[in-house]
Amino acid sequence: MVIVQELIHSVVALVNIFFTILYWLLVARIVLSWFGVNPYMTSNGALSALHQVTDMILKPFRRLPLQIGLLDLTPIVAFIALQFAQRVLVIGLYGVVGMLR
């Protein structure tokens, strides 16, 4: 049982690291958007990869009317959704640990 609990704790740590990386990728994309960096007009592979990864997160929310004038609230909603998903996963995994005791 202890081994399974430690394994689940390790998975929780990996989930937290994964979501932290996603948060920082979104922050990087937001900051780069302020400077008008277009990933499709540059040969920088890192920028293209950044946009491909963050597009997967932002695309579902782009369908919603989240623009107020020139202000796009899509990243804020994406941050909230990522935080919710992270908490659901972590609480669910800790619930499994609780059931194993």
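**Close-up views of a predicted helical chain**

**View 1. Helix α1 against helix α3.** The axes of α1 and helix α3 (residues 74-100) cross at roughly 175° and come within 10 Å. Angles over 145 degrees count as roughly antiparallel, and α1 is therefore roughly antiparallel to α3. By class, 23 nonpolar and five polar residues take part in the contact of α1 with α3, and no charged residues do. As in the other views, the model shown is predicted.

**View 2. Residue Q5 in helix α1.** Q5 has its place in helix α1. Its relative accessible area is 14%. Buried means under 20% relative accessible area, so Q5 is buried. With neighbours within four places in sequence left aside, Q5 is in contact with V97, L100 and R101.

**View 3. Helix α1 against helix α2.** Helix α1 (residues 2-34) packs with helix α2 (residues 45-62) at an angle of about 100°, and their axes are 10 Å apart. Angles of 65 to 115 degrees count as roughly perpendicular, which is why α1 and α2 are described as roughly perpendicular to each other. On the α1 side, the contact is made by L22, L25, L26, A28, R29 and L32. On the α2 side, the residues are L47, L50, H51, V53, T54, D55, I57, L58 and R62. Sorted by class, the contact of α1 with α2 has 10 nonpolar, two polar and three charged residues.

**View 4. Order of the elements along the chain.** Three helices and two strands make up the secondary structure of the chain. Read from the N terminus on, the elements run α-α-β-β-α. Of the contacts in the chain with a separation of 6 or more, 66% are between residues 24 or more positions apart.

**View 5. Dimensions and surface of the chain.** The C-alpha trace of the chain spans about 55 × 30 × 15 Å along its principal axes. The radius of gyration of the chain is 17 Å, whereas a compact globule of 101 residues would have one near 13 Å. Buried residues account for 26% of the 101 residues in the chain. The chain exposes about 7200 Å², and 73% of this area is supplied by carbon and sulfur atoms.

Note on methods. Residues are numbered from 1 along each chain as its sequence is written. This is a predicted model: local features need pLDDT of at least 70, side-chain atom pairs count only at pLDDT 80 or more; totals for chains, interfaces and linings use all residues. Side-chain values use heavy atoms; hydrogens and water are left out. Axes are lines fitted to C-alpha atoms, for helices over the stretch in contact, and angles run from 0 to 180 degrees between N-to-C directions. Helices (H or I, at least four residues) and strands (E, at least two) are DSSP runs, numbered from the N terminus. Angles under 35 degrees count as roughly parallel, over 145 as roughly antiparallel, 65 to 115 as roughly perpendicular and the rest as oblique. Contact means heavy atoms within 4.5 Å. Ala, Val, Leu, Ile, Met, Phe, Trp, Tyr, Cys and Pro count as nonpolar, Asp, Glu, Lys and Arg as charged, and the others, Gly among them, as polar. The radius of gyration is taken over C-alpha atoms; the globule rule is 2.2 Å times the number of residues to the power 0.38. Buried means under 20% relative accessible area, exposed over 50%, partly exposed in between (1.4 Å probe, protein chains only). Accessible areas come from the Shrake-Rupley method with a 1.4 Å probe; for residues, only the protein chains shown count as cover.
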